[in-house]
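Hello,

Here is the structure I promised to pass on. My notes on what turned up in it follow below.

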Amino acid sequence: MSTITKKKKVVQMDPADLVQDLLKKYPTKVARKRAKQIMVKEAEGASTPEMGANVRTIPGIITMRGCTYAGCKGVILGPTRDIVNITHGPIGCGFYSWLTRRNQTHTETDADENFMPYAFSTDMNENDIVFGGEKKLKQAIKEAYELFHPKAIAIFSTCPVGLIGDDVHAVAREMKEELGINVFGFSCEGYKGVSQSAGHHIANNQIFKHVVGTKEEIKVGEFKINLLGEYNIGGDGFEIDRIMDKCGITVVSTFSGNSTYDQFATSHTADLNTVMCHRSINYVAEMMESKYGIPWIKVNFIGAEATAKSLRKIAQYFDSPKLTERVEAVIAEEMPEVRQVMDDVRSRTEGKTAMLFVGGSRAHHYQELFNEIGMRTISAGYEFAHRDDYEGRHVIPDIKIDADSRNIEELEVEPCTKDYNPRKTDEELKKLDEEGFKFKEYAGMIPDMENKSLVIDDLNQYEAEKLIEIMKPDIFCAGIKEKYSVQKLGIPLKQLHNYDIGGPYAGFKGAVNFYHDIDRMVNSKVWSYLKAPWQEKPELSATYVWE
Ligand code: CFM
């Protein structure tokens, strides 16, 4: 196999020059805008400049982002099994958001409903656009009710609904009255915000308004938490539940992996909110604290060490020797297998490099898993997260509210006269504070990144290809839209949205799965055999007419 050359060594380039190289091809105005979203991580002490985030994608650029409807219907409500989710819109929106996220669910008894395998849509056509779609929506709700008798029906608005002015909330109110079940709507038209992120906020608001706290049933358990921002992709939630069970921690509700309507309705009875994906669910955490007095902490179950740390943090909050002992016993029992695989895999992965470009949390969380097998993240970024997810929550007061964010309702939340109950006394809070325990804290991704690494918001296809060409990572992590174009460049791509066919990757068992999968990918010889025809014989080259 003499024709096969070893992969070229990474070009050592000054990161500032690299940024210039990335921007070179753009017209001046575009380059100026993009420059605000591309940062070089500076050493401790020297501050990394403000990160441009949550702003509109420049028209014409092939972004990795999705739409507001996707963030609401697919991300937040998608994993809940017993709400009938009706897409009010053309059939494509419902079809393409149908089970594509690999969020899993398990019914507990035969009587439990699971509507996730269904795609409900009003299938709007030209007639509905011209004459209005409300009648059709009512009809669809009635039909779904007669067929399934669900506890609740939710309506999701797509772009045309907002454009023609169908009032989904009025229809929801009318149907709620008529059918006697909970019916609520979301004004989550795809264009409503600059990305999925707006859809998260809209979903958080409506679930909080219409469902949270509507049932008084109290789950038995000594240490009761909600797990917010965990969506059971590839079975992650099952692994976290297994660990929680073993520790004796009761998960009252998960927002929203493997969840049910009743979990949301009773979530106000938990004593702690643990937030996994800060970007998608921090609104619910904040609102539950204001209304019910439930404090929240940031956790992360991606990475074995991070899992252990998060469990200890929960135990510290409850301040019970029994729980602390149990948590330590579980960590001691789970870690040896993890360490064994970690050490073995590390011998083959140490020093290799990764790039991570995912939506809002995973580009940060997965750096932990790569670290555990000695791999360095040389560049990372979010599709749609906000400055606080990059720089930490302390920047929130400084974030400029632009017209696009103002578009999304901010709910005014007052303490509930019946159910407000601060979970800790002032004394207990003081003790926790003295121990260095922090509530509502998320330091963001940038502090965890290595110096001179590149942080890029809303990466696009052109920049992805350019980055790969210059930095030659050993693995690129993103989604299906990027997968094949990256692999054609000879770099393996791991999908961190749906995990390809893999997972779970959370918790202890998940970490082991991840180490194995990454080992296989970065050490596979197949990538070094890959040479695209145009690399060997560059017969085809083209320039734009204007060049
Ligand atoms: Fe949160 Fe997510 Fe993510 Fe997200 Fe998503 Fe996702 Fe994601 Mo895809 S809720 S922000 S909107 S961790 S679907 S499970 S993988 S982009 S990084």
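**Salt bridges and the ligand site**

Glutamate 289 is partly exposed, with a relative accessible area of 23%. Please keep in mind that this is a predicted model. Glutamate 289 pairs with lysine 440 in a salt bridge, where the closest N and O atoms are 3.4 Å apart. This pair links distant parts of the chain: glutamate 289 sits in helix 12 (residues 278-292), and lysine 440 in the loop between helix 18 (426-434) and strand 12 (454-456), 151 residues apart. Lysine 440 is also partly exposed, at 34%.

The structure holds 40 salt bridges. In one of them, aspartate 262 and lysine 151 have their closest N and O atoms 3.2 Å apart. Aspartate 262 is buried, whereas lysine 151 is partly exposed. Another joins glutamate 391 to arginine 387, at 2.6 Å. Both of these residues lie in helix 16 (residues 387-391), four residues apart, or about one turn of the helix. Glutamate 391 counts as buried at 16% relative accessibility, and arginine 387 does too at 11%.

Next, the ligand. It is surrounded by 15 residues, the closest being Arg101, His200, Cys277, Gly360 and His497. By class, seven residues of this shell are nonpolar, six polar and two charged. Where does the ligand lie relative to domain 1 and domain 2? Both domain 1 (68-211) and domain 2 (223-349 + 399-435) give residues to the shell, so the ligand lies between them.

Finally, the unreviewed UniProt entry annotates residues 67-521 as "domain: Nitrogenase/oxidoreductase component". That span is 46% helix and 14% strand.

Regards

Terms used: Residues numbered from 1 in each chain as written. Predicted model: local features only at pLDDT ≥ 70, side-chain atom pairs only at ≥ 80, totals over all residues. Heavy atoms only, no water. Near = heavy atom within 4 Å. Nonpolar A, V, L, I, M, F, W, Y, C, P; charged D, E, K, R; others polar. Domains from an automatic or database assignment. UniProt positions renumbered as here; feature names shortened; annotations may be inferred. Helix = DSSP H or I, 4+ residues; strand = E, 2+ residues; numbered from the N terminus. Salt bridge = Lys/Arg side-chain N within 4 Å of Asp/Glu carboxyl O. Buried < 20%, exposed > 50% of the residue type's maximum accessible area, 1.4 Å probe, protein only.
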